[in-house]
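I opened a model today and kept notes as I went. The entries below follow the order in which I looked things up.

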Amino acid sequence: MDKIPNLPNIDPAQLDLPSMDKLAPLGELSHPPRILLLYGSLRERSFSRFLTYEAARILEHFGAEVKIFDPMELPMVGSVPETHPKVVELRELSLWSEGQVWCSPERHGAITGVMKNQIDWIPLEQGALRPSQGRTLALMQVCGGSQSFNVVNTMRLLGRWMRMFTIPNQSSVPMAYKEFDEEGRMRPSAYYDRVVDVMEELFKITLLMRGRVDYLTDRYSERSERALRKVNAQIERL
C-alpha cells in the first residue's frame, strides 16, 4: 500500500480509520453489567467496606451483577505462588468483571497496603488475557479527618497503568466515622449523593463500553509489532 501523504512514518496497512460503524457493540450482551468491588481495610468496623457495600446496593438497583472481594487472608504479593486460592479468586473476578470500584481509606496520605496488595496481584497480562484492560473503573476513598483526594488521585494513576477506563467522577468521604450509623449504613448527606452520582456514571459508561472494548483497546503500535513479528518468523523459516 502507498505511503500516506505527510505521514511517512505510518504503515498504512496497520492504521485503523475509526468510524461509528466500527463502534457497534459485538458479542452476547444479555447478561447484567458485571461489577467487581474492592475495598482496602481489614478492620471489623471498616468504613471503606461500609462505603463499598453502599455502592454495591446502588449498582444492584441499577441492574448490575455485583461481586465484592474480601481481602482477608490474601497474602502479600510474591509471598505465595499465583495458584493460591485467594489469588486465583481475585484474578478470576477481575476477568469476570466489566467494571470495577476501588475504595480505600487514606493512611499516611496514601492508599493502604491492603488496597495496593489487591491491585498488585492483578497482572497486566495473564497468558493471552488481560484481566484489567478495558474495564471501567470508579474510585472512592474514606478519610479519618478532613477531606482529601490523595487516595483517589493515586488510584487514578494505578487505573491508568492497568489500562482501565477510569470515569471522571469520584467520591471522597471526610470524617467517615460521622457518616455511618451503628449498622454500617451511610447517613443521608451530600457525600452520599456524590456516591450515587459516581455509581450512576460508572453504570452508564459501562453500558457504553460493553461490546466495544476489543475495538477501543486495539492499538496501532501493537498491530505494527505483531505484523513485524510475523514477517520475522517468515524470514526465519526461509
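With which side chain does the side chain of histidine 31 make a polar contact? I found glutamate 98, at 2.9 Å. A polar contact is a pair of N or O atoms within 3.5 Å; within protein, one must be able to donate a hydrogen and the other to accept it, and residues adjacent in sequence count only if both atoms are side-chain atoms.

I noted that this is a predicted model, where local features need pLDDT of at least 70 and side-chain atom pairs count only at pLDDT 80 or more, while totals for chains, interfaces and linings use all residues. Residues are numbered from 1 along each chain as its sequence is written, and side-chain values use heavy atoms, with hydrogens and water left out.

**Histidine 31.** I placed this residue in the segment before strand 1. Helices (H or I, at least four residues) and strands (E, at least two) are DSSP runs, numbered from the N terminus. Histidine 31 has 15% relative accessibility, so it counts as buried (under 20% relative accessible area; exposed is over 50%, partly exposed in between, with a 1.4 Å probe and protein chains only). Neighbours within four places in sequence aside, I found histidine 31 in contact with Glu98 and Arg210 (heavy atoms within 4.5 Å).

I traced an open sheet of five strands, in the order 2-1-3-4-5, with parallel pairing (two strands pair if DSSP finds at least two bridges between them). Strand 2 (65–68) and strand 5 (165–173) are at the edges with a single partner strand each, so one side of each has no neighbour in the sheet. I then looked at strand 3 (residues 99–105) and strand 4 (residues 136–142), which pair over seven bridges. Glutamine 100 has leucine 137 in strand 4 as its bridge partner.

**Salt bridges.** I counted 14 in the structure (a side-chain nitrogen of Lys or Arg within 4 Å of a carboxyl oxygen of Asp or Glu). Glutamate 54 forms one with arginine 57, the closest N and O atoms being 3.4 Å apart. Both lie in helix 1 (residues 47–62), three residues apart. Glutamate 54 is buried at 1% relative accessible area, whereas arginine 57 is partly exposed at 35%.

Glutamate 222 forms a salt bridge with arginine 130, the closest N and O atoms being 3.6 Å apart. I found glutamate 222 in helix 7 (residues 220–237) and arginine 130 in the loop between helix 3 and strand 4, 92 residues apart. Salt bridges that share partners join Glu125, Arg130, Arg163, Arg219 and Glu222 into one network.
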